[in-house]
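Let's take a walk through a protein model together.

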Amino acid sequence: MIQIGWFGLGSMGLAMASNLQRHLARKTAPSLMYSNRTISRGDPLKKLGGTPASSFSKLVSQCGIIFTMVSNDSVLQELVTTAINSGHSLKDKIFVDCSTVLPETVGATVSKLKEKEAKFLAAPVFGGNPIAVDGKLVFAIGGPKQAAEVVKPYIQDVMGRKVIDCGEDAMKSSLLKIAGNIVTVNLMEAVGEAQVFAEKTGLGTGPMEDLIGEAFGAVAGGYSKRIADAGRLTTGAYAPPLDSRPGFGVSLAIKDAKHAFSMAKEHNVELPGLQVSLDNMEAAREYAGECLDSSSMYGYLRQKAGLEFWNEKSRQGNSQ
Ligand SMILES: NC(=O)c1ccc[n+]([C@@H]2O[C@H](COP(=O)([O-])OP(=O)(O)OC[C@H]3O[C@@H](n4cnc5c(N)ncnc54)[C@H](OP(=O)(O)O)[C@@H]3O)[C@@H](O)[C@H]2O)c1
C-alpha cells in the first residue's frame, strides 16, 4: 500500500487532510503522514491517527504520493526545491499540489520533477473551508493520466464531490482554477454590494439573504452569510477575530485576482469587474489589515455608503 503524505495545514489543508486520514483509517491503510510549517496545527489530525513528520524532506523520503496545500507560488517552489535538494530518490513519486498557483509555476514544477523521474499533478480546488470540511470540494486535476488514476480514489468521495479532468497538461487545471476565481471574487463583490444596498435602503439584510440563497444558489448564499449575516447562523466572518484564521484570507484572494490579471494581460483580455473587486479588497486590507476574509470588500463597501467597516457580528476594530 502506498504511503501518503500531506504538507500544508491551513484553512483548507487541515480539513482536506482530516477527510483523507478518516478515509485511510476506514480502509485500514497506512495512516496519513503530515507536516506543516507550524506543526502544532496538525494536532487535530494526530488525534485522528495521522503521523507527524518533522520536515517536508522527511515526508518526501517516506511517501509515494505527496499532497501539498500551501499559500502561493513561492511556497510551492520552495517545497519543490527542498524535495530536489534532499538527496532522496524521487523516482516514481507522485506530487499533487492543490494550491492556487500560476500555470507557469505548474509548468516549471513539472519540468523540475520530470528530471528526477517524479510525476506532478496540479489539483486545485473550488469551494471554501466549510465545503472542504464536508469533503465536497470540486477538484480540477491535470497531469499524467496514469498518475491521475492512482490519485483519484483518494480524492473522489473522500475530499471532493467532483473531479474535473483537465487532461495531461497540468497547466490547464491551474488555468481553470484562475478562471473560476474570476467568478468567485466578482460574486463576493456582487453579494456585498447588494447587502449594503439592502441595509441602506431599509430593505434589510434578512430578506436579501433569503433571496440570494434561494435565487442565486448555495455559493452566493454562503457568501452572504460570511458578510451580512441576517442574524442567523454565522458571525461577520468577513472580519473575524484577530486571533483566528480567516476562511479564505484576503491576501490569498488578492493573489488569485492578480494571477487572473497576469494571464489576462498576456492574452489581451480585460477584466473590469474583477478590477473593481480587487481595488475594494485592497482598500479593505489597507483599512483593517491582514486578518480579513476575501469577502471583506463588503466592509469597504459599507464605509463608502457611510456605514462602519464593522457590522454587528464582525470584530469591532483592530485593538481587540
Ligand atoms: N480558503 C479558501 O477558501 C480556498 C479555496 C480554494 C483554494 N484556496 C487556495 O488554497 C491554498 C491554501 O489556502 P488556505 O486558505 O488553506 O491558506 P492558509 O489558511 O493561509 O494556509 C496556508 C498554508 O501554507 C503554509 N505556509 C504559508 N507560508 C509558508 C512558508 N513560507 N513555508 C511553508 N509553509 C507555508 C501555512 O503554514 P502555517 O500553518 O505554518 O501558517 C499553511 O499550512 C491557497 O493557494 C489558496 O489560494 C483557498
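You'll find Glu-117 in the loop between α5 (103-115) and β6. Helices (H or I, at least four residues) and strands (E, at least two) are DSSP runs, numbered from the N terminus. Glu-117 has a positive phi of about 60°, although it is not a glycine. Most residues other than glycine have a negative phi.

Before going on, a word about what you're looking at. This is a predicted model, where local features need pLDDT of at least 70, side-chain atom pairs count only at pLDDT 80 or more, and totals for chains, interfaces and linings use all residues. Residues are numbered from 1 along each chain as its sequence is written.

Asp-157 is another non-glycine residue with a positive phi of about 60°. Look for Asp-157 in the loop between α7 (145-151) and β9 (160-165). Asp-157 counts as partly exposed because it has 13 C-beta neighbours inside 10 Å.

Now step back to the whole chain, which is divided into domain 1 (4-168) and domain 2 (175-305); such bounds come from an automatic or database domain assignment. The C-alpha centres of domain 1 and domain 2 lie 27 Å apart. Where they meet, 14 residues of domain 1 are in contact with 13 residues of domain 2, contact meaning that C-beta atoms, placed from the backbone, lie within 7 Å. On the domain 1 side, the touching residues divide into 7 nonpolar, 7 polar and no charged. For this count, Ala, Val, Leu, Ile, Met, Phe, Trp, Tyr, Cys and Pro are nonpolar, Asp, Glu, Lys and Arg are charged, and the others, Gly among them, are polar.

Next, the strands. An open sheet of 6 strands, with parallel pairing, has the order β3-β2-β1-β4-β5-β6. Its edge strands, β3 (51-52) and β6 (119-122), each pair on one side only. Two strands pair if DSSP finds at least two bridges between them. For instance, 4 bridges join β1 (residues 4-7) to the parallel strand β4 (residues 65-68), and Gly-5 stands opposite Ile-66 in β4.

How many of the 5 residues of strand β8 (residues 137-141) are buried? The answer is 4, so β8 is largely enclosed by the rest of the structure. Strand β7 (residues 125-126) runs antiparallel to β8, joined by 2 bridges, while β8 and β9 run parallel, joined by 5 bridges.

Over in helix α11 (residues 272-288) sits Arg-285, which counts as buried because it has 21 C-beta neighbours inside 10 Å. Beyond residues up to four places away in sequence, Arg-285 touches Val-250, Ser-251, Glu-290 and Leu-292.

Notes:
A residue is buried if 20 or more other C-beta atoms lie within 10 Å of its own, exposed if 12 or fewer, and partly exposed in between; C-beta atoms are placed from the backbone. Two residues are in contact if their C-beta atoms, placed from the backbone, lie within 7 Å.
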